[in-house]
Amino acid sequence: MTDNTDAVPTVQKGERIIPSTVNGELLRRLDDKVQPVKQLDWRDAAPGLAKMSDVMIDTETLGTTPGSAILSVGAVMFGMDGLGATFYAPIRLSSCTDVGLTIDPATVEWWMRQSDEARAAAFPTDAMALGTVLSCLREWLLEQSAKYPWCHGATFDVPLLDAAYRACGIPAPWEFWSVRDTRTLYDLAGVKVDRRGGTHHHALDDAVNQAEAAALALRILHVNKAVAEVLQ
């Protein structure tokens, strides 16, 4: 997170997000507007732990445009209070090409330059068929009552999944108007994704790191809105 004491809130002992520049009187007036922030650990979270309607989705692929083969999908439910249930599945490459999804040679070369851990996750021996994974993802999102799919850039993960769903003849589990973009959110809140947790370019690890940053950004914007309302 960028250090901007004019606007960026700080975390006080994991209990509450408060602005660092307001006085005590204003903080007391904010008490009824800013709710305590729960510290949830995604590794221990169970489905239904918190009422969440946002889901962070990340894919690892063999191309950057819709119609490209997808190697794995990771997803995690999240909200301003923290993270919840997770989904992860690797996909068998042949099942992608069987339905017409394509492989970009430049992306294959890019994968060869990634870490051993990332490549092992992207090309496992126990991967499942694309149609099976997409059906399972759809059912999981419906079980979680997910309304708003987020991806790191509005033109990547969800559009590639949309194309894969069409190729398999399976309805996508979201409406086009419900898709959300992390980059816009991060810019508005002044936060950055911390990629140090897990393996970069592992679909679930990336989804978790992005969701943690998104949850922080939502808390920051929530506080900024509360401050603006009090100052009116």
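User: Quick one before we start: what does "buried" mean here?
Analyst: Buried means under 20% relative accessible area. Keep in mind that this is a predicted model.

User: Okay, so is Phe-78 buried or exposed?
Analyst: Phe-78 has a relative accessibility of 0%, so it counts as buried.

User: Switching to aromatics: how many aromatic pairs are there in the whole structure?
Analyst: A search of the whole structure turns up six. One of them is Phe-78 with Trp-150: the ring centres are 5.9 Å apart and the planes sit at 65°, so that pair is edge-to-face.

User: Where do Phe-78 and Trp-150 sit in the chain?
Analyst: Phe-78 is in strand E4 (residues 70-79) and Trp-150 is in strand E6 (residues 148-151). They are 72 residues apart, and the pair links distant parts of the chain.

User: And Trp-150, buried or exposed?
Analyst: Buried, because its relative accessible area is 8%.

User: What about Phe-87 and Trp-140, what kind of pair is that?
Analyst: That aromatic pair is tilted, with 5.7 Å centre to centre and 40° between the planes.

User: Which parts does the Phe-87 and Trp-140 pair tie together?
Analyst: Phe-87 lies in strand E5 (residues 82-90) and Trp-140 in helix H5 (residues 130-143), so the pair ties together parts 53 residues apart in sequence.

User: Why do Phe-87 and Trp-140 count as buried?
Analyst: Phe-87 counts as buried because its relative accessibility is 11%. Trp-140 is buried too, with a relative accessible area of 10%.

Definitions and conventions:
Residues are numbered from 1 along each chain as its sequence is written. This is a predicted model: local features need pLDDT of at least 70, side-chain atom pairs count only at pLDDT 80 or more; totals for chains, interfaces and linings use all residues. Side-chain values use heavy atoms; hydrogens and water are left out. Rings of Phe, Tyr and Trp (its six-membered ring) pair if their centres lie within 6.5 Å; planes under 30 degrees apart count as stacked, over 60 as edge-to-face and the rest as tilted. Helices (H or I, at least four residues) and strands (E, at least two) are DSSP runs, numbered from the N terminus. Buried means under 20% relative accessible area, exposed over 50%, partly exposed in between (1.4 Å probe, protein chains only).
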